[in-house]
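Please examine the sequence and the structure shown below. A short report on selected residues accompanies them.

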Amino acid sequence: MFIIFSHAYFFFSRTRRELHIFILRGKSGLKNKKLKTLLLISQDILHQIHALMPLRDAAQAACVSRGFLRSWRCFPNLIISIDSLGIKENETNDDEIKSDFICRVGHIIQNHSGMGVKRLIIQTYPWSNIHPSYIDSWLRDAITPGIKEIEISMLRYGGIKYNLPGSVLSSSEIRSSIQIFLLAECSFHCAAQIGCMSSLKKLNLHSVHITGEEFYGFLSNSCALEQLRITNCNDIICLKIPCLLQKLYILDVLGCSKLEMIDSNAPNLSTFFFSGHPIHISLGDALQLRKISFRRYNSPDALYYASIKLPFIAPNLRTLVLSTSDETINTPKAFGKFIQLKYLEIVVSTSKFSQDYDLCSLISFLDASPTLESLTVRIAQPTIRRDSVIEDSSGYSRPQCFQEQCHDNLKNVMITGFCSAKSMMDLTISIIEKTKALECLTLDTTRGHDRRFAKIDKCRWMNKEALAEATKALNAIQRYVKGRVPPGVNLKVIEPCSKCVC
């Protein structure tokens with residue numbers, strides 16, 4: 001069967017190009033012999049081949065073959081967007097293009113039986129004023145029993161606000177088959193009345209109008225949920241996760257501006273990602289929690305909060321990523337221990353990286369993490385440091401960091417945005433002297449070579465100040481760091497290249 005299917009798909013790949021020629025030239029581009037051979041392929045294989053095609057190609061194929069026409073009526077992947085329909089944006093004829101989009105989608109939905117749809121994606125970009133009646137009609141016809149994935153992405157900037165009607169999910173047969181559900185830029189006030197979503201595994205809400213009470217009602221009916229992500233849902237004040245969600249293992253909460261509390265009772269949560277303003281967070285008995293990514297906006301105590309709270313919230317944590325915009329507040333000594341922490345990443349993201357920030361204070365996290373194996377420190381926006389050891393006439397002698405203990409497990413250390421600040425020298429040299437198992441030390445004077453834009457072969461842009469500081473940092477490494485690195489440690493020094501300059 002695999003060999004037959006492989007040959008059938010290869011045969012069709014050649015035939016599809018001829019189908020395109022047929023459509024473009026407006027005349028028969030298929031020889032009768034090949035057409036007969038194509039029609040002899042079993043309907044099951046033909047259906048599988050058709051299902052692999054992009055929407056536009058599948059619709060064109062249905063125009064020239066009865067076999068594909070029958071297959072089209074139960075085509076499984078309806079991905080509707082200007083890209084999938086081959087529509088080009090043109091601001092001068094925006095209304096005409098919008099009418100064309102609505103017309104094409106209407107024909108696609110009408111020619112489809114509604115049966116066999118497994119995946120439905122509707123993206124209305126770039127229009128925010130498509131009347132809701134069109135969307136309602138498309139959803140009613142396309143969302144049928146057996147559907148597994150639904151994505152509805154609207155554009156709401158100053159246009160008509162869309163409110164998802166509960167009627168499209170009223171059937172228990174439909175609700176029981178949905179596994180992935182994504183909503184963006186719309187309202188979902190009927191959430192609590194939807195009913196049981198027994199197969200829903202992944203839920204993603206982006207800029208959706210829904211209250212905390214409505215959302216709690218929906219979650220209480222989604223006991224199979226495994227992944228939950230909410231972004232910019234600004235009507236939620238209190239996010240409650242019921243204990244019924246026994247399978248939930250990923251929770252992402254980003255940028256919900258009015259959120260004041262997260263109260264999770266999901267017992268098997270293993271990954272938690274939070275980005276937002278300071279709020280109260282309760283994760284219950286999060287004994288399974290292994291990974292946390294934590295970022296607090298405009299908060300001078302992000303690292304302080306992490307150091308005194310997280311060891312008790314997640315005692316079995318293995319991976320911790322902290323982002324802070326602190327400018328003058330230093331990291332206090334941790335009150336608890338990260339007994340099982342293996343990977344720690346700290347991102348200092350302020351654009352005004354003050355000389356008052358003592359990088360050496362990050363040592364407290366090392367002292368609180370006895371099993372740590374990998375440490376990454378990122379200065380996200382490096383700039384000139386007024387406390388540079390290169391410009392200090394007294395030079396540099398010994399680190400002033402007081403590290404309470406040696407680290408027998410720390411093997412890899414990377415610092416990006418490495419600068420010539422005295423506290424940076426203190427931190428680096430203290431790590432070298434107290435880390436007996438160190439294997440690799442990477443000092444990156446750019447904004448992060450490991451995060452460069454590989455697809456377009458471009459580094460993260462550095463301004464003149466950052467480039468000037470990088471030169472000082474390279475000088476400081478040569479003077480004060482290289483001679484202290486043991487022979488068995490692989491020292492990697494990364495400097496800006498021509499692709500770091502805009």
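This is a predicted model: local features need pLDDT of at least 70, side-chain atom pairs count only at pLDDT 80 or more; totals for chains, interfaces and linings use all residues.

Residues are numbered from 1 along each chain as its sequence is written, and side-chain values use heavy atoms, with hydrogens and water left out.

In the table, buried means under 20% relative accessible area, exposed over 50%, and partly exposed in between (1.4 Å probe, protein chains only).

| Residue | Relative accessible area | Class |
|---|---|---|
| Thr 416 | 1% | buried |
| Ser 293 | 19% | buried |
| Asp 450 | 42% | partly exposed |
| Glu 96 | 57% | exposed |

Thr 416 belongs to strand 16 (residues 412-416); strands are DSSP runs of E with at least two residues, helices runs of H or I with at least four, both numbered from the N terminus. Leaving aside neighbours within four places in sequence, Thr 416 is in contact with residues including Val 377, Ile 379 and Asp 450, where contact means heavy atoms within 4.5 Å.

Asp 450 is situated in the loop between strand 17 (440-444) and helix 13 (464-481). The C-alpha atoms of Asp 450 and Thr 416 are separated by 9.0 Å, and the two residues are 34 residues apart along the chain.

Ser 293 is part of strand 12 (residues 291-296). Beyond residues up to four places away in sequence, Ser 293 touches Phe 272, Phe 273, Phe 274 and Val 321.

Glu 96 lies within helix 6 (residues 94-111).
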